[in-house]
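Here is a friendly note for a colleague opening this model for the first time. The points below can be read in order, with the structure alongside.

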Amino acid sequence: MHGYTGRLIRIALPRGKISIEDIDEKTLRCYLGGLGLATKLIFDEITPGIDPLDPRNSLIFAVGPFAGTAVPTTGKFAVAAKSPLTGFIGYGVASGLFGPTLRSAGYDAIIIQGRARGLLYLFIDDDEIRLHPAIKLADMDAIKVEEFIRDELNDQSVQVAAIGPAGEKMVKFACITLEGTRQVGRCGLGAVMGSKNIKAIAVRGTGPVSLADPQRALVKYRELYKRCQSDATIKYRNLGTPQNVLVFNERGVLPTRNFQYGTFEKAELVSGETLKADLRKGTSACGGCAIGCDHIVQVKNGPYAGTKTGLDYESLFALGPCCGVDDISAVIKAADLCDRLGIDTISAGVVIAFAMEAAEKGLLDEFLDDDLRDLRFGDWSAVVKLVERIAFREGTGDLLAEGSRRAAARIGKGSERFAMHVKGLELPGYILRGLKSAAVGFSVSTRGGCHLRNAAYGLDMKELELSDQERGQKIVEIENQYSVIDSLILCKFIRSAVSDEDLIELLKVVNGLELSQEEFSRIGERITTLQKVFNIREGATRKDDYPPPRVLEEPLPNGPNKGQYIPLEVYDQMLDAYYKARGWNKEGIPSEENLRSLGLEGVFK
Amino acid sequence: MSAQQVRNHKNGVNQEKKNPSGKTLIICDFTKCNACYLCEYICSLIKYNQIRPFLARIKADKHAVEFPIAIACRQCEDAPCIKVCPTEALSMGDALTCDPEKCTFCGWCIDACPFGVLNVDYDTKKVVACDLCPENRIDDLPPCVALCPREALSEVTWDSLREKSKEHLQDNLLMVEYKS
């Protein structure tokens, strides 16, 4: 097969033994690569029941068949491990040149097991793979780490994925940062990397990536690059995802003040329109992307003047309206700090919002630092302070660094009712009480509260009248498609411009991989099911597929969706329909027949 | 520039042109470029039938977000690389070329190039630079230009660039003349 190298790097710590293994072709046919391959590897690598921060957890990096092949939007890689935040499967996809460069260096995946005795960074330099001491990088800002390593290796083309101080301190939602504005954000994968004492992974690749049919590929590329610049992607190239702020506010689904409300009276001040008009410096694209959605903004005035970052909707909602904050400069500063110190902006914002609600209710007194005694929604300087304290596990930050679920468990006093997470992973920027399909989609997601596993909110936005059966069916369909997208790996922003036929053809002309439509569709089902089995092995049950109490019990107090919530009986029926559409029983457990049809018989042994 | 030199330039009295005006080069409009690196991929695909950005003759740079750009050999009229080549392996025809028989890949040309667009291909044993793809054109353009998703790349002649800079200079000349 072309494109693929068929090789992975295994790093066994603490001895630092480095070996190259072959990836068998059957695995690639069944899981494609990227998230699929990472899922398969983490499933096989670890035994259930271990502590995610134990050396026996593995950290997997994997690229897909399209990495480094000039298919547009494929500069991506996936990461997987058992999540310290949820205790279930944790994974993420990040963009940039890291993935393609790993491919040029000659590898499709990396497995890191064990724990190093001192802080190290891994340098993959084509055929040479070395572990370098990283004492000088201890507690270093993740973006500065990239600069430092490039200077130390005297090569600006080296790609670096690094953790910040938060990963080193194993903040439960620590992330991995690369190329300044890109992250493997969710599930605390940065903490797993920190638990292994790996500060960064640097890669330089000068080798070739071959295509099965270069001539046909070139013709296909030309067509796809044009589609990337067509109306199908205009939202991303124009305002980018921050466009959602006013759209969601209008619909009453913009999470405000810890998801209590669906509208924010100051939404205009933190909208995509304001960002573009006042603060935008330029637009960047990930390596290999023909769209270009990374809008860079810079603060002009005030205490945070000069701060520059790429700001997407999720970071914006979490550190802005969710915390009741209307100061866009503070949101930019907080987002940039999250990237540098290495924490997930979504979890950070939602955890801080949780703390604000707890403080306002008088439940947080014994945990609040002296200078935070007046903590309340809207206090933007507190948001910036707390981001820093969380990253360094100082004061109140040490409690919040555990994530909203654990923080609520420690605080008690009913605070669990407003810890806005599913499976321990904080919810992204959608008020689920106004979006029934999303409520199911976000809650059944195998990694926890997540909007990227299926476009279920799309079903709600289109205001389709769906029966529970239809909804269940559609969510399953899109979940399967998205699992494939995350394995190829392609960007979801191109999804509406690329069909399954296009992707099957690309696999043929780029990789020489011939898959029928049926096999292609099965792959997505297989990946999602294996993730579910991983979770079941770790003790997941039906009760982990529910949205938080606020969604099931609290009617929205105002706005276009005033009075709405999702009663338990209604949710139960929707969940039943989803499980049925999947071929799982009422507890959400796949049947032997279902597993056999996917080649997964015997996984429960 | 002295006022006299400025006046000469304005009147079209110029330094002697070293090469005929038909020569072209690839330039990039940084107001359109997003530094997506696809030009590097396409270049290597065309030249090597594989994706190998390391050997691409056009280089993208995303280090400055306000100035994303891709640069290929400027086909300089007074090329520093040709000047420093100790074996006269480099010469300028319709584009910069390297004679593999003479090249010792000493790397001096790579250091001399102010734009960093030269590289050494150890497999073919020669220095590589953008040759404007005389054989692989798409719509009579170099493939990187034809495929750039944002149409940021274009192939222009040195004369058209000179015209453009004259226009820019015209706009600023009034200020200069007044001062003298």
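1. A:Arg495 counts as buried because its relative accessible area is 16%; here buried means under 20% relative accessible area, exposed over 50%, and partly exposed in between, with a 1.4 Å probe and protein chains only. The side chain of A:Arg495 meets that of A:Asp500 in a salt bridge, with 3.3 Å from N to O. A salt bridge is a side-chain nitrogen of Lys or Arg within 4 Å of a carboxyl oxygen of Asp or Glu. A:Asp500 is buried too, since its relative accessible area is 17%.

2. Please keep in mind that this is a predicted model, in which local features need pLDDT of at least 70 and side-chain atom pairs count only at pLDDT 80 or more, while totals for chains, interfaces and linings use all residues. Residues are numbered from 1 along each chain as its sequence is written, chains are lettered from A and ligands numbered from 1 in the order in which they are written, and side-chain values use heavy atoms, with hydrogens and water left out.

3. How many salt bridges does the structure hold over all chains? There are 65 of them. Among them is the one between A:Arg393 and A:Glu402, whose closest N and O atoms are 2.8 Å apart; A:Glu402 is buried because its relative accessibility is 18%. Another joins A:Glu554 to A:Arg550, with 3.0 Å between the closest N and O atoms. Of that pair, A:Arg550 is buried at 3% relative accessible area, whereas A:Glu554 is partly exposed at 31%. As background, side chains of opposite charge can pair when their charged atoms come close.

4. Salt bridges also link A:Asp213, A:Arg216, A:Lys220, A:Glu223, A:Arg227, A:Asp502 and A:Glu505 into a network.

5. Next, the meeting of the two chains. Chain A brings 35 residues to the contact and chain B brings 24, where contact means heavy atoms within 4.5 Å. About 2,600 Å² is buried between chain A and chain B, and carbon and sulfur atoms give 60% of it. Buried area is the accessible area (1.4 Å probe) that two parts lose on being put together, summed over both. Which three residues supply more of the area that chain A buries against chain B than any other three? They are A:Leu218, A:Arg222 and A:Tyr225, with 22%.

6. Two salt bridges are counted between chain A and chain B. In one between A:Glu179 and B:Lys62, the side chains meet at 3.5 Å, N to O. Nine residue pairs are in polar contact between chain A and chain B, both residues being at pLDDT 80 or more. A polar contact is a pair of N or O atoms within 3.5 Å; within protein, one must be able to donate a hydrogen and the other to accept it, and residues adjacent in sequence count only if both atoms are side-chain atoms.

7. On the side of chain A that touches chain B, β13 (209-210), α7 (214-228) and β14 (280-284) each supply at least two residues. Helices (H or I, at least four residues) and strands (E, at least two) are DSSP runs, numbered from the N terminus. The largest share, six residues, comes from α7(A). Strand β13(A) is joined by two bridges to β2 (residues 50-51) of chain B, and these strands run antiparallel; two strands pair if DSSP finds at least two bridges between them. A:Val209 stands opposite B:Ile51 in β2(B).

8. Finally, some backbone geometry to look at. Most residues other than glycine have a negative phi, and most peptide bonds are trans. A cis peptide bond joins A:Leu13 and A:Pro14, with omega about 10 degrees, and A:Pro14 is in the loop between β1 (7-12) and β2 (17-22) of chain A. Another cis peptide bond, with omega about -20 degrees, joins A:Leu488 and A:Ile489. A:Asn154 is not a glycine, yet has a positive phi of about 55 degrees; A:Asn154 is exposed because its relative accessible area is 70%. A:Cys187 has a positive phi near 75 degrees, but A:Cys187 is buried, with a relative accessible area of 0%.
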